[in-house]
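Subject: Structure handover

Hi,

Here is the structure I promised to pass on. Please open it first, then read my notes alongside it.

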Amino acid sequence: MSYVDEVLESVKKKNGHEPEFIQAVTEVLESIRVVVDANEEKYRKAALLERLVEPDRIITFRVPWTDDQGNVHVQRGYRVQFNNAIGPYKGGLRFHPSVYQGILKFLGFEQVFKNALTTLPIGGGKGGSDFDPHGKSDAEVMRFCQAFMTELYKYIGENVDVPAGDIGVGGREVGYLYGQYKRITGSYDSVLTGKGLTFGGSLIRTQATGYGLLYCADEILKLNGKTLEGKIAAVSGAGNVAIYATEKAQQLGAKVVTASDSTGWIYDPDGIDLAVLKDVKEVKRARLTEYKAQRPNAEYHEGKGVWSVKCDYAFPCATQNELTLEDAKMLVANGCQGVFEGANMPTTLDATKYLLENGVIFTPGKASNAGGVATSALEMSQNAERLSWSAEEVDSKLKGIMEGIAHAMSDAAEKYGAKGNYVVGANIAGFEKVAEAMLAQGVY
């Protein structure tokens with residue numbers, strides 16, 4: 001049995017109750033098999049893969065908080081510090097009822113390679129809680145965040161672990177978390193990113209993941225002799241990533257015709273009206289039925305169905321495993337030429353395989369959605385220098401990083417005989433950097 005197969009078997013045996021984590025590890029290890037086989041003796045002797053798939057540590061803690069009626073609730077909090085071979089742990093905090101250890105392990109594992117691809121000195125981690133901020137008052141969210149940080153602060157620091165936001169953790173939550181960290185430690189350091197502009201945040205951070213997705217997609221399309229100009233794009237989601245992916249896609253000449261949320265989706269044949277979408281989701285925090293009310297030509301549908309729309313390019317920007325094999329078949333049948341992941345692992349393994357087998361250009365989220373964490377690392381740099389860069393300067397650096405990622409995964413794929421397979425390319429490019437650092441630092 002090969003080294004890769006041995007480790008995969010072990011991962012499945014130890015983590016059978018964590019399907020998302022097994023999925024992420026399987027994709028990476030299968031992609032890097034050619035590199036591992038060529039270096040099997042060296043890697044096996046150092047137990048490199050066993051160390052790579054096991055987090056450095058997982059911190060689990062209870063979070064008691066009081067609602068506005070005086071009732072006490074208890075949530076579970078986590079921080080998965082996965083790998084710091086190339087820098088301090090870096091990765092978001094997710095507040096959502098679906099959060100459990102397996103989700104955060106998958107996200108932390110993906111983050112290791114995503115962060116390596118940015119070329120910036122940051123390791124991989126992830127954290128969060130099963131707390132649901134939706135429908136809670138500002139005071140309730142504040143009390144929860146303060147309770148969460150009262151435990152988390154012991155394990156983080158600007159040179160140790162630097163969390164950021166993720167699903168359910170936006171500017172409001174980061175502000176409350178940072179305020180409590182500062183209150184407890186008395187330290188004004190860059191322990192969190194995604195901060196407000198008045199206390200160390202970076203311009204373009206809000207737009208970064210969506211913008212970065214399109215910068216990466218645009219560069220990959222250029223490498224394949226294609227363009228976004230004049231093309232139809234389907235985008236899933238209606239949160240931060242989806243909104244700013246739509247904005248940048250429109251700026252690059254594409255017509256985006258879809259958006260979705262947890263209850264339904266819209267198809268606007270005239271192209272998404274970004275002002276209306278922002279008003280509905282960012283200001284009113286309403287459902288997409290409100291978009292339909294303001295745009296009578298648009299269609300609203302309950303449930304799922306974004307990928308049934310005829311499009312040239314698809315941008316899944318909602319959540320993990322949202323694009324299934326059935327969806328992939330519909331996209332191919334409708335002539336879709338490219339799928340670019342804006343969320344973390346939004347495409348199932350069988351769907352990814354089908355898309356690649358049918359000649360669809362495909363970029364994995366660890367590459368194409370790295371713009372958010374890249375800009376978070378740029379925020380850390382600004383904090384360290386006690387400077388604030390202009391929006392143009394940050395955007396220019398972001399664009400350069402994402403174009404660099406596009407070329408890195410393209411070059412790695414070609415080097416190892418998988419030209420055009422950007423899943424293989426992204427995983428190999430990220431793995432080689434992390435593996436080299438781990439081997440250089442010995443067993444720890």
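**Pockets and cavities**

Helix α14 gives the most to the lining of the second largest pocket, with five residues. Helices here are DSSP runs of H or I with at least four residues, strands are E runs of at least two, and both are numbered from the N terminus.

Before going on, two notes on the source. This is a predicted model, in which local features need pLDDT of at least 70 and side-chain atom pairs count only at pLDDT 80 or more, while totals for chains, interfaces and linings use all residues. Residues are numbered from 1 along each chain as its sequence is written, and side-chain values use heavy atoms, with hydrogens and water left out.

Back to the pocket. Its space comes to about 250 Å³. The lining consists of T26, E27, E30, S31, L349, T352, K353, L356, E357, N421, V423 and V424. Two or more of these residues come from each of α2 (19-31), α14 (349-357) and α18. By class, the lining has four nonpolar, four polar and four charged residues.

Some terms. The search uses a 1 Å grid over the protein atoms alone. A cavity is a set of points where a 1.4 Å probe fits but cannot get out. A pocket is an open set with protein on both sides within 12 Å along at least five of seven lines. Lining residues have an atom within 4 Å of a point. Points are joined across faces, edges and corners, and a volume is the space filled by probe spheres set on them. For the classes, Ala, Val, Leu, Ile, Met, Phe, Trp, Tyr, Cys and Pro count as nonpolar; Asp, Glu, Lys and Arg count as charged; the others, Gly among them, count as polar.

How many cavities of 30 Å³ or more does a search of the whole structure find? It finds one. The largest cavity has a volume of about 50 Å³. Its lining residues are E27, E110, E341, M345, T347, T352, F362, P364, G365 and K366. Three of them are nonpolar, three polar and four charged.

**Nonpolar cores**

A nonpolar core is a set of buried Ala, Val, Leu, Ile, Met, Phe, Trp, Tyr and Cys residues joined through side-chain atoms within 4.5 Å. Buried means under 20% relative accessible area, exposed means over 50%, and partly exposed lies in between (1.4 Å probe, protein chains only).

The largest core has 103 residues. Those touching the most other members are L29, L49, F109, Y291, F315, F340 and F431. Helix α18 (residues 422-440) supplies the largest share, ten residues. A second, separate core has 22 residues, including F95, V141, F144 and V174.

Look at L49 up close. Leaving out residues up to four places away in sequence, L49 touches Y3, V4, V7, L29, I32, V36 and F431. Contact means heavy atoms within 4.5 Å.

**Single residues**

Start with D161, in strand β5 (residues 161-165). Is D161 buried or exposed? D161 counts as buried because its relative accessibility is 0%. A polar contact of 2.9 Å joins its side chain to that of Q81. Such a contact is a pair of N or O atoms within 3.5 Å; within protein, one must be able to donate a hydrogen and the other to accept it, and residues adjacent in sequence count only if both atoms are side-chain atoms.

Q320 sits in the loop between β11 (313-315) and α13 (325-333). Q320 is buried, as its relative accessible area is 15%. Its side chain makes a polar contact of 3.2 Å with the side chain of T319. Beyond neighbours within four places in sequence, Q320 contacts R94, I103, F106, N344, M345 and P346.

K310 lies in the loop between β10 (299-302) and β11. K310 is exposed, with a relative accessible area of 60%. Its side chain reaches the backbone oxygen of N334 at 3.0 Å. K310 and N334 are 24 residues apart in sequence and 5.2 Å apart in space, C-alpha to C-alpha.

Last, two backbone angles. I204 is not a glycine, yet has a positive phi of about 75 degrees. I204 is buried, at 12% relative accessibility. R285, also other than glycine, has a positive phi near 50 degrees. R285 is exposed, with a relative accessible area of 69%.

Best wishes
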